[in-house]
Amino acid sequence: MTTPHSPTPAREAASALALGREQASRGDFDGARRSFEHATRLDPGQFDAWFLLGITHMRDERRLEALPALRQAHRLQPGQVDATRALADAEFHAGTPGDALPLWQAVVAARPGDVDARLKLGETLNRLGLLGDEIANYLDALALLPESADIWMALAQAHEDGGDRDEALHAYRQALRFRPGWATPLGGLLALQRKAPPAELVEQAMAFQARHDLPDRDRALLGYALGKIHDSRGMHAAAMASWHDANAARRRTNGQYDQAHAEAATRHLIDTFDARFFTRPGAAVGSLDERPVFVVGMPRSGTTLTEQIIAMHSQAHGCGELPDLPLLVKTLGNDWPGNAAGIGRSFLEERAARYLEAASRQAPDTALRLVDKSPLNYFNLGLAAMLFPRARVIWCRRDPRDIALSIYSENFALDARFATDLEAIAHSIALQTRLMRHWQSALPLPIHELQYEALVESPESQARALVAFLGLPWESGCLQFHRSNRAVQTPSRWQVREPIHGRSAGRWRHYANSLPGFDPDSFPGAAADRPG
């Protein structure tokens, strides 16, 4: 019999919740998680316990673990804005932007002047390929917050994705106007006008670069942009010095490339996915759908150009750089790829269906090919073959010296540590070649090699071969890719809006003294790496 002083589940849950709060305040997040989990078991209707459990997971960047708790908190109190916001963030980072979208829309409806929510809604719309809606979101926000530099900055980048140079320039100028001295829009203005930049902007950027107290984040942004201006003026030594400065700053901020880890990861993939892996009895597959096409290769090897050519075909759809395969690898945990053989059919079928939903989101019904041009998916082709054994792969190749120079001079994502050191780039190219040669021998997927230099020399013959590899009839419109109005979200966004030209081929010769370790003969499979 329960006495007035006997603990009830609700009281015990309240005590566990209070303990969890106290543990979290001390930084004991493991203890807090256990307390919040205990509270949810004792009182499954306790909103605070579910919400705080999810938030604690999010603090440790364990977003997948956070999802069930945050979903339950949202079910219990769907109108609670903070819970809706946390769930939206977790859904987006778990690779389900379609589920995040209505949640961010609800947050913005409740808090229309919330800059961070507007930016997150814009990022979600961008991921879904809804560029027009993304721009409309920023314009709506600016009607309420006309002096928000952050919103102007996001609008500028959206206009760049859409190929609207004039509107992008205007938005960058507004961002700089409302936050003078901000390196991000300054770098954007310089990059868009690098052939004829305003002298005052160049002087301002060079003055910033000369400061010893300039934060490394700003030093990197301006260093990349100034290097390109020097390069366009034929000042190659000054350009390389600026890129050295930018990349040193980025290494200090984000750390060094881990060569040993990269080698071990590549070796593990090769050892796991041998030819017998795909022919073993009872090997599970996800889907026999023939639409997926994976365009892979080193960044700056022509992957965007390749996708643009294919996307102009009436029976193909360019998906951009889908995050789904890398996110799936993360969900498979630290045991991947050692646990690959144990993955069952139901899991693969469910994940293949999710991938196809994302890839076909904006595709017309006539699309027989769905092109995912995430370059670094060359790491994930074993998983791709498990999901889609009838998919196709296009491997983009380019002179490693031009790849190295192009990567080193570009402002890549913060986690691309290989991009900030020339030796690391050389090592990455060599590993990529080794892994791709392995995939050619082990995968059940057909792999088409496309050499960038051959493409710019003979566009039609190379494009015809590409389209034939995809099993599609030739369409001359594939050579009019530069007339496409589709959004492009890579550093090549402006190059692919021009007809094919060979100006970038052989550009490394201006920097030969800085690239002593990039002789194509020194790379695995060297004969295939040689231009032409």
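Okay, let's start with a space: the second largest pocket in this structure holds about 400 Å³. Keep in mind throughout that we're looking at a predicted model.

So what lines this second largest pocket? There are 21 lining residues, and the ones nearest the centre are G95, T96, D324, R351 and R354. By class, the lining of that pocket splits into ten nonpolar, seven charged and four polar residues.

Helix α19 covers residues 345-359 and lies across β1 (292-296), β2 and β3, and its direction is at about 90 degrees to β3.

Now the sheet itself. In what order do the five strands sit? Reading across, you get β2-β3-β1-β4-β5, in an open sheet with parallel pairing. The edges are β2 (316-318) and β5 (447-451); each has a single partner strand, so one side of each has no neighbour in the sheet. From one strand to the next, the twist averages 20 degrees.

Strand β3, residues 369-372, pairs with β2 in the parallel sense, and three bridges connect them.

The peptide bond joining W336 and P337 is cis, with omega at about 5 degrees. The other loop runs between β1 and α17 (303-311), and R300 is in it. What's the phi of R300? Near 70 degrees, which is a positive value in a residue other than glycine.

Last stop, the aromatics. The count of aromatic pairs comes to ten. Take F47 and F51: their ring centres are 5.6 Å apart and their planes are at 10 degrees, so this pair counts as stacked, given that planes under 30 degrees apart go in that class. And how far apart are F47 and F51 along helix α3 (residues 47-59)? Four residues, so about one helical turn separates them.

That's my tour, so over to you.

Methods:
Residues are numbered from 1 along each chain as its sequence is written. This is a predicted model: local features need pLDDT of at least 70, side-chain atom pairs count only at pLDDT 80 or more; totals for chains, interfaces and linings use all residues. Side-chain values use heavy atoms; hydrogens and water are left out. Two strands pair if DSSP finds at least two bridges between them. Helices (H or I, at least four residues) and strands (E, at least two) are DSSP runs, numbered from the N terminus. Axes are lines fitted to C-alpha atoms, for helices over the stretch in contact, and angles run from 0 to 180 degrees between N-to-C directions. Contact means heavy atoms within 4.5 Å. On a 1 Å grid over the protein atoms alone, a cavity is a set of points where a 1.4 Å probe fits but cannot get out, and a pocket is an open set with protein on both sides within 12 Å along at least five of seven lines; lining residues have an atom within 4 Å of a point. Grid points are joined across faces, edges and corners, and a volume is the space filled by probe spheres set on the points. Ala, Val, Leu, Ile, Met, Phe, Trp, Tyr, Cys and Pro count as nonpolar, Asp, Glu, Lys and Arg as charged, and the others, Gly among them, as polar. Rings of Phe, Tyr and Trp (its six-membered ring) pair if their centres lie within 6.5 Å; planes under 30 degrees apart count as stacked, over 60 as edge-to-face and the rest as tilted.
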